[in-house]
Every structure is written in structure tokens, then in C-alpha cells.
Amino acid sequence: LGFANGNLAKFSLREGQLIWTRPIATPEGAFAIQRMIDIDADPLVFQHTIYAATYQGNIASLDWTSGQSMWTHKISSYTGMAADQNTIYITDAQGYLWAFNAENGTVKWQQKQLAARILTGPAVLQNYVVVGDAQGYLHWLDKRDGHFVAREKIRPLYTAPVVQGDVVYIYTHNGYLSAYTLRN
């Protein structure tokens, strides 16, 4: 579980006992708004590693068993993350899309052309990263380098796309549900 104080905690499902808790970010600044470091996006569990991100703080990779931090990177995010075999994808509060090496936290690429568009969290569908924005566009980017592959105008999006099998589902702000597949 992620908390408003920037801590991430692991509990046992059966008994609800606390197993460990770790700070993902430390509050900084003179004003209360500057010290906000909430973990708003759901932490991501992928290949025995937990990834968590805070608003005005960090993205962190932690060992599933011990909670030991493996790497951190300064970022402000509240939307969510997605992963594939060796990459963590995340959108930040500025509207940038990032790709991090899952093992060591190095930045593989960063796409800044969507700045200030209020992005959703990303989703991964085959060779693409899919992200929506508040202006009503669905963006498809090549997951190797972050270049744009396609874009479609639909309706404003605030929730991350959901991938199931070879289909990506999009739920718009106005309550419309759409499904997309890739053509071969």
C-alpha cells in the first residue's frame, strides 16, 4: 500500500500484518503544498520487484521480499506505471513519458512532446506504449525509443488504458468504452 506520507508498506494478505514499510520520498520545501509526496498511483509488482512513485518525489524499485531499495530516480507522478520484460514506463506530472531500465533505473528514453497535456498512466501492448490525454487523444509510441507511431482523437481521457491479451480498452471521461486491436 502507498500512503500520503510517501511510505510504501507490504502487508500479509492472510493476517493483515505489516511485513515492512519504506519511505519512497522525503518531504521538502517550506510550504505544505511543496511537501506533498503522496503515493497516488497504484504500486506495480513485476517480476518479484515493486515499483512505486510519488507526487513531487521519486520512482523507486524495491525488492519484493525485503523492501530493500534497489534504485530511485527523481520524478513527480500520480498516474501509474506499466512494465514489460526489462522496462518500466511512467508518465509524470509535467506530461512527459519515461522509460526506465527495470534492473538499474537508468533512463532509456523520455518523450517530452506531450508536455502539459495531462496524461493518463501508460499501458503496453506488444511493441507499443499507449497513453491518453485530457485533450481527447490516444497516443501510440514505439516502446524501443518513444517515437510516435499513431494518434487518434477520441474523447478526454483521465484513466490509464487497460490491456488484456491483444486488446487495449479505453474508458473516456464522458463514460465511453472503446476497444482497440492491432492490425497485422
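**Figure 1. Composition of the lining of the largest pocket: nine nonpolar residues, no polar residue and one charged residue.** The model shown here and in the other views is predicted. The space in this largest pocket comes to about 260 Å³. Its lining consists of Leu1, Leu8, Ala9, Lys10, Phe11, Leu13, Pro43, Val45, Ile50 and Trp64. Lys is among the residue types that count as charged, so Lys10 is the charged member of this lining. Strand β1, residues 7-11, contributes four residues, the most of any element, to the lining.

**Figure 2. Lys10 over the ring of Trp64.** Both residues belong to the lining of the largest pocket. Lys10 is placed over the face of Trp64, and the distance to the ring centre is 3.9 Å.

**Figure 3. Arg151 over the ring of Phe148.** Here the distance to the ring centre is 4.9 Å, with Arg151 over the face of Phe148.

**Figure 4. The edge-to-face pair of Tyr128 and Trp140.** The model has seven aromatic pairs. In the pair of Tyr128 and Trp140, the ring centres are 6.3 Å apart and the planes make an angle of 80°. Tyr128 is part of strand β12 (residues 128-132) and Trp140 is part of strand β13 (residues 137-142), so the contact ties together parts that are 12 residues apart in sequence. Tyr128 has a relative accessibility of 23% and counts as partly exposed, whereas Trp140, at 8%, counts as buried. The cut-off for buried is under 20% relative accessible area.

**Figure 5. An aromatic cluster of Tyr51, Trp71, Trp98 and Phe100.** The members of this cluster are linked by ring pairs.

**Figure 6. The salt bridge between Lys143 and Asp84.** Three salt bridges are counted in the model. In that of Lys143 and Asp84, the closest N and O atoms are 3.0 Å apart. Lys143 is buried, with 16% relative accessibility. Asp84 is also buried, with a relative accessible area of 8%.

**Figure 7. The salt bridge between Arg117 and Asp133.** The N to O distance between these side chains is 2.8 Å. Arg117 comes from the loop between β10 (107-111) and β11 (123-125), and Asp133 from the loop between β12 and β13, so the pair ties together parts that are 16 residues apart in sequence. Arg117 is buried at a relative accessible area of 15%. Asp133 counts as buried too, its relative accessibility being 0%.

**Figure 8. The salt bridge between Asp142 and Arg144.** The two side chains meet at an N to O distance of 2.6 Å. Asp142 counts as buried, at 7% relative accessibility. Arg144, in contrast, has a relative accessibility of 67% and counts as exposed.

How values were computed:
Residues are numbered from 1 along each chain as its sequence is written. This is a predicted model: local features need pLDDT of at least 70, side-chain atom pairs count only at pLDDT 80 or more; totals for chains, interfaces and linings use all residues. Side-chain values use heavy atoms; hydrogens and water are left out. On a 1 Å grid over the protein atoms alone, a cavity is a set of points where a 1.4 Å probe fits but cannot get out, and a pocket is an open set with protein on both sides within 12 Å along at least five of seven lines; lining residues have an atom within 4 Å of a point. Grid points are joined across faces, edges and corners, and a volume is the space filled by probe spheres set on the points. Helices (H or I, at least four residues) and strands (E, at least two) are DSSP runs, numbered from the N terminus. Rings of Phe, Tyr and Trp (its six-membered ring) pair if their centres lie within 6.5 Å; planes under 30 degrees apart count as stacked, over 60 as edge-to-face and the rest as tilted. Buried means under 20% relative accessible area, exposed over 50%, partly exposed in between (1.4 Å probe, protein chains only). A charge sits over a ring if NZ of Lys or CZ of Arg is within 6 Å of the ring centre and within 35 degrees of the ring normal. A salt bridge is a side-chain nitrogen of Lys or Arg within 4 Å of a carboxyl oxygen of Asp or Glu.
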